[in-house]
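The structure comes first, followed by the notes on each topic.

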Amino acid sequence: MDGMAADEFTEFMLSRWAGLVRFGYGLTGDQGLAEDLAQTALTRACASWTRVRRASDPDAYVRRIMINSNRSRFRGRRVSEQLTESPPDYPGRELVEAPDERTELMAALMSLPAGQRAVVVLRYWMDLSEADTAAALGCSTGNVKSQAARALAKLRVSGELMNGRLPC
Amino acid sequence: MLSEEELQLKARLDRVLGQINAAPPPVAAVLRKGRIMRTGYNLAISTAVAAVSLAGFAAVTQLGHLHRHQASSGEPGRHPHWKKERVVRLGPVAKHGLVAEGIETGSGRQATWKIRVDASHNQVRAKVTGGREWYIGNLRRSVNPGSIGTFYYGGIEGWPGFYAVVSKDVTRVAVTTKDHQKLDLYPVAAAGRRWVGVLTPLSDSVRTFTAYSGKTELGRVVTDHLPVTWWPPGQKIPAEQNVVVNRGRVPAGSGHHLDWVVSVQYGSDGYCVLMTGYITGSGGFGIEDCMSPDTAQSAGVKAIEHRRLGSWLLGTAKRSVAYLKFDLGGGRASRVAAVPVSGQRFFGLALRSGQHVASWAAYDKAGHKLYGGTGLPKIDRYIGPLTAWGWADNTNCVLGQGRCPKL
């Protein structure tokens, strides 16, 4: 990676970091894991930056890594360990506003299978089209439609959302 | 076209996810790990030791370029260009926990950075004008165990930096940056310790720290990373060396395998042990841990990574040791060379998943047993990933304490 590429990557990372952590939070429901996923994805992007920068959509590349890393996280659960004596206590890590809504929504999201959760976050939070969502997940648009429908059906009857604002 | 129901879900997701405050982006760590991963790719692709050496050399050269360019990244119009850095001389005792402060000026703007210790919340925190205050370290764990000074990462978003706890002998720490600026840091007492700290804009970074007691130089640090090695006055900073200590292959399931390489880089940072792994058809991972020559002299495992496929022990041995033997139980044993790197011996060992060290011993060139023990050798540090296939967070802990895992 030459100097220009390092600059480019640094700018890319600075501008995408917060969004990727939020995306990761939507996938995992845990900010520490979300930051870990974002860091994993950006590290891989950094390692292959000369290739990634030539891609038509580097953001899609990074999102794809995050989704795959999140899937792998479940495969590797046996050795998933929190190693610090106490978790890093970044200020603002916990939400001050609307904690009830967050708790409800994240509990409902976490009750979904990982694939459906990814569809919900990509399709409804990131506003991706069905085709882009399918590309990010490596599946067909039909699959995205069916996953989204199933996710919505589950959220509709979810106990956590019964008191929420999502209408039946 | 989204339905009303979908739009409401979107609004809720916007509200909840939009309020997540991310920690500062770990730019330096990602660039560093990216470099390790690239090194891993190179090492895995190469099929001969000579090719590996060339790839490692290329990676190290690339790193040098990367750091040099990263340090001078302030292209006009892309990052604010700060021309002048100044450190505020604070009193010998901190007021309101403020232990370091500096002012950056340039391009018609000015920014002030501050580092303070917050004893009531057990935190070290930093902020830059107009921004929020960030957590940068744990106060209780920010200690200086018998050195001139011990450094910790102190950077926040867009402002890399360090803070250090220094010994009582230190009266001043002179800093030079890659922009050739010179700053003087004066220790400030707070929470029973003496502190110095500095943040720099992204377009610049610290190159050297030199500690003084009065007019007497105590030692200096020359670094691109987290400073770990104080070089005595007059001692020449060693030229970079990169030595492969061990390498191997372990099965990774589904017909794949994992090629791993342990190497040691010796240079201005002291000794940095580096382990990279590359899984065919998947990706790479790696860890890196740097230590001073003093720390390297004490024999034992300096870093260990524990993954689903096995564990890697990276350690040092006494200078008279030629090789170590590990009894893995069930009649299996592994013999690994203690490879010299500028006089210090290093070894790297992979334990496959399910393998355990029953006993071990170190031998000299003539085959005489020098020392050994049952179970694993003394382990100084554990460095492990938070997820099996993700990248290590390089979160360290001492085995047997706190929530460190057992092997």
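## Open sheet in chain B

In chain B, four strands make up an open sheet with antiparallel pairing, and their order is β21-β20-β24-β25. The edges are formed by β21 (333-337) and β25 (369-374) of chain B, each of which pairs on one side only. From one strand to the next, the twist averages 15°. The model described here is predicted.

Within this sheet, β20 (residues 323-327) and β24 (residues 359-363) of chain B are antiparallel partners, joined over five bridges. At the level of residues, B:Leu324 stands opposite B:Ala362, which belongs to β24(B).

## Disulfide

Over all chains, the structure holds one disulfide. The bond connects B:Cys272 and B:Cys290, with an S to S distance of 2.1 Å. This pair links distant parts of the chain, 18 residues apart: B:Cys272 lies in strand β16 (residues 270-279) of chain B, and B:Cys290 in strand β17 (residues 284-291) of chain B.

The link between B:Cys272 and B:Cys290 is right-handed, with 105° about the S-S bond. Both B:Cys272 and B:Cys290 are buried.

## Cysteines in chain A

Are A:Cys46 and A:Cys139 buried or partly exposed? A:Cys46 has a relative accessible area of 1% and is therefore buried, the cut-off for that class being under 20%. A:Cys139 has a relative accessibility of 28%, so A:Cys139 counts as partly exposed.

Terms used. Residues are numbered from 1 along each chain as its sequence is written. Chains are lettered from A and ligands numbered from 1 in the order in which they are written. This is a predicted model: local features need pLDDT of at least 70, side-chain atom pairs count only at pLDDT 80 or more; totals for chains, interfaces and linings use all residues. Side-chain values use heavy atoms; hydrogens and water are left out. A disulfide is a pair of cysteine sulfur atoms within 2.5 Å. Helices (H or I, at least four residues) and strands (E, at least two) are DSSP runs, numbered from the N terminus. Buried means under 20% relative accessible area, exposed over 50%, partly exposed in between (1.4 Å probe, protein chains only). Two strands pair if DSSP finds at least two bridges between them. Axes are lines fitted to C-alpha atoms, for helices over the stretch in contact, and angles run from 0 to 180 degrees between N-to-C directions.
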